[in-house]
Amino acid sequence: MAKKNKRIYIAGKVSGEKPEEVFHKFLAAEEKLKADGWEPVNPVRHCGAEWPWEKCMRACVILLMGCDNIYLLKDWKRSRGARLERYIALKLGMRVTKE
């Protein structure tokens, strides 16, 4: 069996939130995960704020595929994107960790 990597994808609510609050929330999670020895993948760094949801989700799913782990922020249940990312992660046998 292949060795699991330390890359962990951060998933949480983005749409409908203030951009500065989203950036702060994801950055805080990124810093915490780094301190815990993970290699966090922060999707907020890869999607433009002006991108439509579908374009951002396509980019996010590609980022998720480079990880073996997903980290769900507290508000993940209120996000259709994070719920989709969690569903994909579970179906692909990724480790799921919650904030």
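**View 1. Lys98 is in contact with Tyr71, Leu72 and Trp76, leaving aside its neighbours within four places in sequence.** Contact here means heavy atoms within 4.5 Å. The model is predicted, so local features need pLDDT of at least 70 and side-chain atom pairs count only at pLDDT 80 or more, while totals for chains, interfaces and linings use all residues. Residues are numbered from 1 along each chain as its sequence is written, and side-chain values use heavy atoms, with hydrogens and water left out. Lys98 belongs to strand 4 (residues 95-98). Helices (H or I, at least four residues) and strands (E, at least two) are DSSP runs, numbered from the N terminus. Leu72, one of the contacts of Lys98, is 26 residues from Lys98 along the chain, and the C-alpha atoms of the two are separated by 4.6 Å.

**View 2. Helix 2 (residues 53-65) and helix 3 (residues 80-91) have axes that come within 11 Å and cross at roughly 30°.** This angle makes helix 2 roughly parallel to helix 3. Angles under 35 degrees count as roughly parallel, over 145 as roughly antiparallel, 65 to 115 as roughly perpendicular, and the rest as oblique. The axes are lines fitted to C-alpha atoms, for helices over the stretch in contact, and angles run from 0 to 180 degrees between N-to-C directions. The crossing of helix 2 and helix 3 is right-handed; a crossing has this hand if the near helix is turned clockwise from the far one by less than a right angle, and is left-handed if anticlockwise. On the side of helix 2, the residues that meet helix 3 are Trp53, Met57, Cys60, Val61, Leu64 and Met65. Their counterparts in helix 3 are Arg80, Gly81, Leu84, Glu85 and Ile88. By class, this contact has 8 nonpolar, 1 polar and 2 charged residues. Ala, Val, Leu, Ile, Met, Phe, Trp, Tyr, Cys and Pro count as nonpolar, Asp, Glu, Lys and Arg as charged, and the others, Gly among them, as polar.

**View 3. Cys47 and Cys56 form a disulfide, with their sulfur atoms 2.4 Å apart.** The structure holds 1 disulfide, assigned where a pair of cysteine sulfur atoms lies within 2.5 Å. The link of Cys47 and Cys56 is right-handed, with 105° about the S-S bond. Both Cys47 and Cys56 are buried; buried means under 20% relative accessible area, exposed over 50%, and partly exposed in between (1.4 Å probe, protein chains only).

**View 4. Cys60 and Cys67 have sulfur atoms too far from the closest cysteine sulfur for a bond.** For Cys60, the closest cysteine sulfur is in Cys47, at 3.7 Å. For Cys67, the closest is in Cys60, at 11 Å. Cys60 counts as buried because its relative accessibility is 5%. Cys67 also counts as buried, with a value of 2%.

**View 5. Leu63 is found in helix 2 and touches Tyr9, Val41, Pro43 and His46, not counting residues up to four places away in sequence.** Leu63 is buried, with a relative accessible area of 17%. Leu63 and Gly16 are 47 residues apart in sequence and 22 Å apart in space, C-alpha to C-alpha. Asp36 is 27 residues from Leu63 in sequence and 20 Å from Leu63 in space, again C-alpha to C-alpha. Asp36 lies in the loop between helix 1 (19-35) and strand 2 (39-41), and counts as partly exposed at 43% relative accessibility.

**View 6. Glu39 lies in strand 2 and touches Lys6, Arg7 and Ile8, residues up to four places away in sequence not being counted.** At 46% relative accessibility, Glu39 counts as partly exposed. Between Glu39 and Arg95 there are 14 Å in space, C-alpha to C-alpha, and the two are 56 residues apart in sequence.

**View 7. Ser79 is found in the loop between strand 3 (69-72) and helix 3.** Ser79 counts as buried, at 9% relative accessibility. Not counting residues up to four places away in sequence, Ser79 touches Gly12 and Lys13.
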